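This briefing sets out the fold, the nonpolar core and the salt bridges of the protein shown below. The points are grouped by topic for reading alongside the structure.

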Amino acid sequence: MGLTRKDLEFRTENVIIEFTEKVAAAMQERGMSRVELAQRLGVSKAFVTKLLNGNPNLTIRTMVSLAAALECELLVDIQPRAQSSHDRLDKTNRETGVAYCHEPDEAYGKGKKQKQR
């Protein structure tokens, strides 16, 4: 069963949205403004705004540059459909009650502390 062009466009949009939301969250965690991110990337604030608004021409090179400017790593992964990120997240939630894309930062008061037994 092949994917339609519409399916691919939908999936692409979702990936872009997820990525830009993670960039925005990383900026917020670091107290970084769009101006500071633009300076680190060597681009204009308008360019950063365009990227964060879901620029459909987001390249891997730009994604790597954004991650580096945020002192993060870009991780690209593919999974069989039975092991999609949604399925893994559901499994994580069922097993632990908590799911993180990264370790919670206690300094910011984020995440749930595990109950000690």
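Among the contacts in the protein with a separation of 6 or more, 48% are between residues 24 or more positions apart. The model is predicted. The protein contains five helices and zero strands, and its elements follow the order α-α-α-α-α from the N terminus.

**Burial and surface**

- Of the 117 residues in the protein, 18% are buried.
- The protein has an accessible surface of about 9500 Å², and carbon and sulfur atoms account for 53% of that surface.

**Nonpolar core**

- In soluble globular proteins, nonpolar side chains tend to be buried together.
- The largest nonpolar core holds 15 residues; those touching the most other members are Phe19, Val23, Met27, Leu37, Leu58, Leu66 and Leu70.
- Two or more residues of this core come from each of helix 1 (5-30), helix 2 (34-41), helix 3 (45-52) and helix 4 (60-69).
- Helix 1 supplies the largest share of this core, with four residues.
- Beyond its neighbours within four places in sequence, leucine 37 contacts Val23, Met27, Met32, Val48, Leu66, Ala69 and Leu70.

**Salt bridges**

- The protein has three salt bridges by the distance rule applied here.
- Arginine 5 and glutamate 9 form a salt bridge through their side chains, at 3.3 Å from N to O. These two residues lie four apart in helix 1, so about one helical turn separates them. Arginine 5 is exposed, at 67% relative accessible area, whereas glutamate 9 is partly exposed, at 43%.
- Glutamate 36 and arginine 40 form a salt bridge with an N to O distance of 3.3 Å. Because they are four residues apart in helix 2, glutamate 36 and arginine 40 are separated by about one helical turn. Glutamate 36 is partly exposed, with a relative accessible area of 30%, and arginine 40 is also partly exposed, at 42% relative accessibility.
- Arginine 30 and glutamate 29 meet through their side chains in a salt bridge of 3.8 Å, N to O. Arginine 30 has a relative accessibility of 35% and counts as partly exposed.

Notes:
Residues numbered from 1 in each chain as written. Predicted model: local features only at pLDDT ≥ 70, side-chain atom pairs only at ≥ 80, totals over all residues. Heavy atoms only, no water. Buried < 20%, exposed > 50% of the residue type's maximum accessible area, 1.4 Å probe, protein only. Contact = heavy atoms within 4.5 Å. Areas by Shrake-Rupley, 256 points an atom, 1.4 Å probe, with all protein chains shown as cover. Core = buried A, V, L, I, M, F, W, Y, C linked by side-chain atoms within 4.5 Å. Salt bridge = Lys/Arg side-chain N within 4 Å of Asp/Glu carboxyl O.
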